[in-house]
Amino acid sequence: MSSLFRNAGLTLHGGDFSLMSLKFVTLQAIVINTVRKWPSTALAKLLLDVVRSNITDHVVHFALFYLFVIWFHLILGYILCVTLTPGGYPNRAPRAYTAEGAIYRIKCSAENTFESIVFFIVAVIVLDKVANDSAQELIASWAVLVMLARTIYPVFYIGDIDILRTFTFGLSMNSYLFMCLVSFFPEFQSFVKST
């Protein structure tokens, strides 16, 4: 699948710096527009309703649920690394682990997912306390987007589909940014809701 994207020129890998920059800026513009319009989409409303009806209606509890999803990714990633590595996983020196291919990508995906927990938890818990009611609704919607993006992120990482991996990474990072903006600058809500 990754070669299909690369053959079509849909990659951020290698190549000319100016062309790569143009692709990245274009991708970032698409990501920002997607994040901006996300709260008003039918999919966002459906997923938010599913989470609220089956899990909780409070954003902070939402973050705790997401931790279970993240820990599942981490545990699965490391179990796969341990079981698939020829000669076993070097637990005495995990930073020196140098497997290649999909096994290495599984490990990197798990580590990257772990690192993203910090942004998500801080954004959701802190911003829940400072945001007004209408901002909390937007924050909950972007929290769903982060959970969705970070759940499919490992698939693109392990599959070496860099453009979609960057897209899903951008969705989550820009969601954090939008969460901050609507919390600290209430007038930003009108920009988001003008879609």
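The largest pocket is lined by 12 residues, and L47, V51, F65, M147 and L148 lie nearest its centre. Lining residues have an atom within 4 Å of a pocket point; on a 1 Å grid over the protein atoms alone, a pocket is an open set of points with protein on both sides within 12 Å along at least five of seven lines, whereas a cavity is a set where a 1.4 Å probe fits but cannot get out. Helices α3 (42-54), α4 (59-84) and α6 (133-158) are the elements that give two or more residues to this lining. By class, the lining holds 10 nonpolar, two polar and no charged residues. Here Ala, Val, Leu, Ile, Met, Phe, Trp, Tyr, Cys and Pro count as nonpolar, Asp, Glu, Lys and Arg as charged, and the others, including Gly, as polar. The volume of the pocket is about 180 Å³, taken as the space filled by probe spheres set on grid points that are joined across faces, edges and corners.

The model is predicted; local features need pLDDT of at least 70 and side-chain atom pairs count only at pLDDT 80 or more, while totals for chains, interfaces and linings use all residues. Residues are numbered from 1 along each chain as its sequence is written, and side-chain values use heavy atoms, with hydrogens and water left out. The average pLDDT (the predictor's confidence in each residue, from 0 to 100) is 79 for the protein, and 79% of the residues score at least 70. Confidence is lowest in helix α1 (residues 2-7), with a mean of 63, and highest in helix α7 (residues 162-184), with 90. Where pLDDT is low, the predicted coordinates should not be read in detail.

The protein contains eight helices and zero strands; these elements are DSSP runs numbered from the N terminus, with helices (H or I) of at least four residues and strands (E) of at least two. Of the 195 residues, 42% are buried. Buried means under 20% relative accessible area, exposed over 50%, and partly exposed in between (1.4 Å probe, protein chains only). The protein exposes about 10,700 Å², of which carbon and sulfur atoms supply 69%; areas come from the Shrake-Rupley method with a 1.4 Å probe, and for residues only the protein chains shown count as cover. Among contacts (heavy atoms within 4.5 Å) between residues at least 6 apart in sequence, 74% join residues at least 24 apart.

V35 belongs to helix α2 (residues 17-37) and is buried, at a relative accessible area of 0%. Leaving aside neighbours within four places in sequence, V35 is in contact with W142, L145, L171, N174, S175 and F178. V35 and L177 are 142 residues apart in sequence, and their C-alpha atoms are 9.8 Å apart. S116, in helix α5 (residues 101-130), counts as buried because its relative accessibility is 6%. Residues up to four places away in sequence not counted, S116 touches Y66, R150 and Y176.

Two loop residues complete the description. F185 is placed between α7 and α8 (188-193) and is partly exposed, with a relative accessible area of 44%. From F185 to A131 the C-alpha to C-alpha distance is 9.3 Å, at a sequence separation of 54 residues. D160 lies in the loop between α6 and α7 and is partly exposed, at 25% relative accessible area. The phi angle of D160 is near 60 degrees, a positive value in a residue other than glycine.
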